[in-house]
Amino acid sequence: MDYVSEGCQTLTGYPVEAFINTPLYGGLIYAEDQPRVWQNIQTALTCQQPFYLQYRIIGQDQCVREVQERGQGLYSSSGMVLGVEGAVFI
């Protein structure tokens, strides 16, 4: 992640700095939800469509929270995925 808002600490219990250029967020996704989340994002990127997901994360306090994520890919003129942008909400 290149940019993370201050709200991430309220959502996850971790400070902004913990997410910048690290894979931490993916590890917070509830293990049973990870394959579905990954597959849905990959499908959306392949089809160049936005995605909307609902899944669970485990915060630093070990509490499970249901979240919603909306996002979309960023593409080059040739259609190559350059990145993904989105937002996660409770």
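This is a predicted model: local features need pLDDT of at least 70, side-chain atom pairs count only at pLDDT 80 or more; totals for chains, interfaces and linings use all residues.
Residues are numbered from 1 along each chain as its sequence is written, and side-chain values use heavy atoms, with hydrogens and water left out. Local features need pLDDT of at least 70 and side-chain atom pairs pLDDT 80 or more, whereas totals for chains, interfaces and linings use all residues.

The chain holds 3 helices and 3 strands, arranged along the sequence as α-α-α-β-β-β. Both kinds of element are DSSP runs: helices are H or I with at least four residues, strands E with at least two. Along the principal axes, the C-alpha atoms fill a box of roughly 45 × 25 × 20 Å. Among contacts (heavy atoms within 4.5 Å) with a separation of 6 or more, 29% join residues 24 or more positions apart.

Of the 90 residues, 28% count as buried, meaning under 20% relative accessible area, with exposed over 50% and partly exposed in between (1.4 Å probe, protein chains only).

The cysteines complete the picture. C8 counts as buried because its relative accessibility is 10%, while C47, at 49%, is partly exposed. The count of disulfides (cysteine sulfur pairs within 2.5 Å) is 0. For C8, the closest cysteine sulfur is that of C63, 17 Å away and therefore too far for a bond.
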